[in-house]
Amino acid sequence: MRINLLLLLFLALFCSCKEEITLTTRSNEIQMVVDGMITDEPGPYAVTLSVTSPLGQPEHIPLTGCTVTITDDAGYTEILAEHKDGQYLTHSEGIRGQPGREYQLSIQTPGGRHYETPFQKMSPPVKIDSLYSEVQYTERTDQPGSLPGLQFFTDSEKASAQENYFLWRITETFQYELDYKLYAIYYDGEILINNRDTISGYDSLYTCWKTHDAGTFFTGSTSSLKEAKIVKQPLHYVGTDTKRLSSRYSFHLHQYCIDRETYYYWKNLQEQITGDNFLLAKQPYNPTGNVRNTSDPQETVLGTFTVASVTTKRIFRSRPALPFYLDSCMVGTDLESMFKTMGPAFLVIGPQGMGKVHKDCIDCRSKGGVPRKPSFWTDY
């Protein structure tokens, strides 16, 4: 699972705040951004290279044509293939991380610059003991009162060593249904009732499943705890103002065990992008990691190459017995205008009888999902 650092950098540098803030940089020099990871899960592993864009003009500028290699402490080296502009992948049967082994990333740019990381040891994995949720309420400025939702937590098993450093990421999958089922289609002066004899395909577009990275991460450590065990670590919060909890929800946790230096990189980045007061209380943080120019160590390189062992756990949640605050499709009741429509008009049965809706309202794929149940999905 690749961590999309570019998204995090855009959040950190260009997100909207309560007050308009003008950011300044020390120079206008273009900087390289590295986003890469190797784990003990099967590959391929990805390293994404890009360069920064001018302040106020955010865009993804891939760095192409590089020679990217990953080397282990036994001398095995694999050259990554450029899968698409700026994204370099190992072979699916190539190098694989092993706890206790050390790994180094090396980058040679078309311009002749050479970058590398120090060798980093892959920490031993710590198993996830439990993953669970509790009903919590959060204040929202655009919602009167408190918004209900589910706050997720995790506990780890007790580790063999006292000092353990964690990075948590979440992949969420949720089932959702449309507000209305298609009743009929008006086309060329004729109303076609939605059934197998007249209209095919639309019944299968009522329910979809959507899988994506939750777009956030969390860090934690056992170094200051009496027991080498994580207990009730707060993770992701899901409110009832979206359809994510409206039917059935899957929470897939990835727990990465990382070294101390990598932990502080992600922890510092987390502190900068968390909370409504981001950029109001402190100066922006340049997320520099472990990648260095071998000829010019003073050059700033953004991002990091993460070496981590990983354990995962998945849980499901059905729709909670909570109030939901969802926007619904607008149903047009002016049927006279329907008869003047050049293309097809999509009809549903709304609160005031038959009405017309936009095509997106009867096609669940318009919300980013697919009308196909994932192989891991359970309905109980």
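Which helix holds Gln 270? Gln 270 sits in helix H2, which spans residues 260–273. Keep in mind as you look around that this is a predicted model. Gln 270 is buried, because its relative accessible area is 17%, under the 20% cut-off. Leaving out residues up to four places away in sequence, Gln 270 touches Phe 217, Phe 218 and Thr 219.

**The nonpolar cores**

Trp 168 belongs to the largest nonpolar core, which has 28 residues. The members that touch the most other members are Phe 152, Trp 168, Leu 235, Tyr 249, Phe 251 and Leu 253. Several strands supply at least two residues each to this core, including E11 (128–140), E12 (143–156) and E16 (207–221). Strand E13 gives the largest share, with five residues. There is also a second, separate core of 23 residues, and Val 34, Ile 38, Cys 66 and Val 301 are among its members.

**A lysine in a loop**

Now find Lys 232, in the loop between E16 and E17. Is Lys 232 buried or partly exposed? With a relative accessible area of 38%, Lys 232 is partly exposed. Lys 232 and Phe 153 are 79 residues apart in sequence, yet their C-alpha atoms are 5.3 Å apart in space. Setting aside neighbours within four places in sequence, Lys 232 is in contact with Tyr 132, Glu 134, Phe 153, Thr 154 and Asp 155.

**The disulfides**

A disulfide is a covalent bond between the sulfur atoms of two cysteines. How many disulfides does the structure hold? The structure holds two.

| Disulfide | Sulfur to sulfur |
|---|---|
| Cys 208 and Cys 364 | 2.0 Å |
| Cys 329 and Cys 361 | 2.3 Å |

The link of Cys 208 and Cys 364 is right-handed, with 60° about the S-S bond. Cys 208 lies in strand E16 and Cys 364 in the segment after strand E22, so this pair ties together parts that are 156 residues apart in sequence. Both Cys 208 and Cys 364 are buried.

The disulfide of Cys 329 and Cys 361 is left-handed, because the torsion about its S-S bond is about -105°. Cys 329 is in the loop between strand E20 and helix H3, while Cys 361 is in the segment after E22, 32 residues apart. Cys 329 is buried at 14% relative accessible area, and Cys 361 counts as buried at 8%.

Notes. Residues numbered from 1 in each chain as written. Predicted model: local features only at pLDDT ≥ 70, side-chain atom pairs only at ≥ 80, totals over all residues. Heavy atoms only, no water. Helix = DSSP H or I, 4+ residues; strand = E, 2+ residues; numbered from the N terminus. Buried < 20%, exposed > 50% of the residue type's maximum accessible area, 1.4 Å probe, protein only. Contact = heavy atoms within 4.5 Å. Core = buried A, V, L, I, M, F, W, Y, C linked by side-chain atoms within 4.5 Å. Disulfide = S-S within 2.5 Å.
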